[in-house]
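Please look over the structure shown below. A short briefing on selected local features follows.

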Amino acid sequence: MLLPHNMLDWVPEGHAVRVVIGTVERLMTRDLAGRLVPPAPKGSAAGPARYDPVMLLTVWMYAYLRGVLSTRAVEDRCRYDATFRVACGRDIPDHTTFSRFRKHLLAQDGLAEDLFHGVLRVCACAGLGRLSVVAGDGVKIAANASKEASRTEAGLRKLAGQVMGGARKAAAAEDADRDAAPGTDLLLGADTAPGPDPRSRAGRVLACLQDLEKEREAAQAAARQQGQAYLEALDDGTAAGRPPAAVAAAAAQLRLELAIAAEQATLAAWQARRDAGQRVTRPPARPGAGKYARRARARLEALQAQAAAEAGRETAGDGKKPPAPQRNVTDPESRLMPVRGGGFIQGYNCQDAAADDRLMLGGYACQDPGDQRQARPLAAVAEKGAAIVAAGHAAHAGDPALLAACHGRLCTLPEKDRNGPGHDAAACHRAMTSSIGVLVADAGYHSQASLEAPGPDRLIADAKAGNLAASQPAEGPPPEGATAAEANAHRLRTPEGRAAYKRRAPDVEGLHASLKDRTGLRRFSLRGLHNATSEFLLAGIAHNLRLLTAIS
């Protein structure tokens, strides 16, 4: 009765909090512990006592595993929940400490990714990670911002003027000789200083304006480059297809000039033959009156009339205009994302890859509302996670007991075939865990570039799931000389391809359900693209720890 009791006796063996504590102990090194230490607070928040950062990391990992993402809720659980008290060792940091530590944890470059890969290695060593089929997909997660805070460039400049006017008025009322408050310099005039405070509203407005300007300049540069390339190809006679909209009129003018020049050359050749006394046919059309010149002139006049009509509608204020690009003042790096079922959210498009047992191999947040351009980055993330899983499973090859246990968990064959004398368990285990067998994705990733990109073998849908099921079955390898898209379509119709693609939805959609419904990550806690990626990986750590708990 005089000895302190062991707090681990409060929870049974194999409990999730025991798994989290053991995993953190395996991950922790001197270097990692040093990276976890946040900077000392200053001013009124400073104090002599500081909490162990390893304990704070353990609490946050367990909190995300339990779906507790609020700092005040975590503090409350540390007071009254026995499992949280085990995680924190009966220390009860306040919500400000938890908030400051999470902000430091997510803001560190590469720290969340290193923690994720460390936990992934622990899960692989425990026997998780079947790489026969790896599924990739994107999920939209809301930012810590309202879409009503999004404004066009004109609206941002109006808001900037209001902020500057209010700041200068307040400064003039308080002290006429005092400068504007820090963070209100928006670089909108020559009398402002550079370097606004990004934590202020004025700084966020400036970030939005700068981002819009960079996007506009990049789009104009790309259009100029594309248009110049088309005009050069047109001048050389190698242009194909319609010209870019930015140079449509210039292309039509150049086509007219080329047609007139060709007709002039034809007329000159006819005249030379006639002067030489050769027999000639009737004279060709005068330059500018030939068939090709008339077509080019009609096309040019139509484009000029269309441009004049659009200019007239803009002057009159009627007609539909394309939507102007917007930026969110609360979180300038977030974007409007279309969601399934219609509508938009202000958030990020989070890409992730899941093994065939739903183990998350990696992920990141991006600003692209579509998935097509994310095929290559997602494949690279999947390959990096698969290499870590393969390294963890390689240790099982030298231990027959570990190999048998891991093979029995991962092998999908019927039990009689799995344990039969003709089945090579070591070869089967190596085939399932050495590398990615096939990377499957839905039709949002389908493109010629995605299919031809280097990396793991890919199987990308070229239609909706219902259309794939109704397509004509196929057998054998793709036909000789088939393109990448044709070979992919053929493989989707084979029994092996259909079986592999059927694993996509339960694997990666099951991962998304765990992240959103069990972890509760429907809205990010912090703002910014880097913080969103870090928190997405932290939620992935919680998901993988949940799988590790299930087999412990």
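Which residue just after α7 takes a positive phi? Gly-127 does, with a phi of about 110°. This is a predicted model, in which local features need pLDDT of at least 70 and side-chain atom pairs count only at pLDDT 80 or more, while totals for chains, interfaces and linings use all residues. Residues are numbered from 1 along each chain as its sequence is written, and side-chain values use heavy atoms, with hydrogens and water left out.

**Helix α7**
- Of the 15 residues in α7, 11 are buried (under 20% relative accessible area, 1.4 Å probe, protein chains only).
- Among them are Leu-111, Phe-116, His-117 and Cys-123.

**Thr-97**
- Thr-97 belongs to helix α6, residues 95-107.
- Thr-97 counts as buried because its relative accessible area is 17%.
- Its side chain makes a polar contact with the side chain of Asp-94 at 2.7 Å (a pair of N or O atoms within 3.5 Å; within protein, one must be able to donate a hydrogen and the other to accept it, and residues adjacent in sequence count only if both atoms are side-chain atoms).
- Leaving aside residues up to four places away in sequence, Thr-97 touches Tyr-51 and Leu-56 (heavy atoms within 4.5 Å).

Conventions
Buried < 20%, exposed > 50% of the residue type's maximum accessible area, 1.4 Å probe, protein only. Helix = DSSP H or I, 4+ residues; strand = E, 2+ residues; numbered from the N terminus.
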